[in-house]
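Work through the exercises below with the sequence and the model at hand. Try each task before reading its solution.

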Amino acid sequence: MPKNTSTRARAEIEKRSAAERRKLTRFLSKNGMDEEKIKSIDPVILNVSWMKAKLDDARTAIGEDGITVAYDNGGGQTGVRENPAFRAYEALWKTYLSGLDVLLKLLPEQAEQEQVAELKPASALALVTR
C-alpha cells in the first residue's frame, strides 16, 4: 500500500475516533459523570473510541468478504473456513465491550438505562450480519 494511502486511512480512523470520543464524553457527561472523572478516564475513552472506528471498518470488510472464505492450500485441499478477519473482529469486539463496560460502570446509578442500552450493542454477529 502506498504511504499516502496509508496516511489517509490513518487520518480517517483518527477523525472517526475523535468523533466517537466526543460522543462518548458527551454521553458520560449527560448521564451525570463529572468533568474530573471524565478527564481521569480519558485513556479508556480514547481506546474505546479507536476500537469502535476499527470495528466499523472490519465490519464493512467482513460484510464484503463474508464470514466464511474459500481456501486452497495448493496441495489439493480446498474448502471453506471461517474468515480470519471475523476471528480478529470477535477479539476486538470483546475488548471493546470490556472497555465500554468499564465506562458504563462508572456512571451514577440514576443514568438512564435506555440510553445505556443504545450505546452497548447486543452481539458482534448481529452487527456484522445487518
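**Exercise 1. State what share of the residues in the chain is buried, and list the order of its elements.**

Solution. The model is predicted. Buried residues account for 28% of the 130 residues in the chain. Next, take the elements: the chain has 6 helices and 2 strands. Reading from the N terminus, their order is α-α-α-β-β-α-α-α. Finally, consider the contacts in the chain with a separation of 6 or more: 63% of them are between residues 24 or more positions apart.

**Exercise 2. Find the salt bridge between E12 and R16, and say where the two residues lie and whether each is buried, partly exposed or exposed.**

Solution. Step one is the distance. A salt bridge needs a side-chain nitrogen of Lys or Arg within 4 Å of a carboxyl oxygen of Asp or Glu. For E12 and R16 the N to O distance is 3.4 Å, and their side chains form a salt bridge. Step two is the position: both residues belong to helix α1 (residues 3-30), where they are 4 residues apart, about one turn of the helix. E12 has a relative accessible area of 36%, so E12 is partly exposed. R16 is at 26% relative accessibility and therefore also counts as partly exposed.

**Exercise 3. Describe the salt bridges of D56 with R59 and of R87 with E82, then give the count of salt bridges.**

Solution. Begin with the general idea: side chains of opposite charge can pair when their charged atoms come close. In the salt bridge of D56 with R59, the closest N and O atoms are 2.9 Å apart. These two residues are 3 residues apart in helix α3 (residues 42-65), which means that about one helical turn separates them. The side chains of R87 and E82 form a salt bridge with an N to O distance of 2.7 Å. R87 counts as exposed because its relative accessibility is 53%. E82, at 30% relative accessibility, counts as partly exposed. The count comes to 6 salt bridges.

**Exercise 4. Work out how α3 and α4 are arranged and which kinds of residue make up their contact.**

Solution. First, the axes of α3 and helix α4 (residues 84-105) come within 9 Å and cross at roughly 150 degrees. Angles over 145 degrees count as roughly antiparallel, so α3 and α4 are roughly antiparallel to each other. The crossing of α3 and α4 is left-handed. Then list the residues that meet: those in α3 include V44, V48, L55 and R59, and those in α4 include F86, Y89, W93 and L103. Sorted by kind, the residues of this contact are 16 nonpolar, 2 polar and 3 charged.

**Exercise 5. Locate T78, decide whether T78 is buried or exposed, and name the residues it touches.**

Solution. T78 is in strand β2 (residues 78-82). Its relative accessible area is 55%, so T78 is exposed. Leaving aside residues up to four places away in sequence, T78 touches Y71 and D72.

Conventions. Residues are numbered from 1 along each chain as its sequence is written. This is a predicted model: local features need pLDDT of at least 70, side-chain atom pairs count only at pLDDT 80 or more; totals for chains, interfaces and linings use all residues. Side-chain values use heavy atoms; hydrogens and water are left out. Buried means under 20% relative accessible area, exposed over 50%, partly exposed in between (1.4 Å probe, protein chains only). Axes are lines fitted to C-alpha atoms, for helices over the stretch in contact, and angles run from 0 to 180 degrees between N-to-C directions. Angles under 35 degrees count as roughly parallel, over 145 as roughly antiparallel, 65 to 115 as roughly perpendicular and the rest as oblique. A crossing is left-handed if the near helix is turned anticlockwise from the far one by less than a right angle, and right-handed if clockwise. Contact means heavy atoms within 4.5 Å. Ala, Val, Leu, Ile, Met, Phe, Trp, Tyr, Cys and Pro count as nonpolar, Asp, Glu, Lys and Arg as charged, and the others, Gly among them, as polar.
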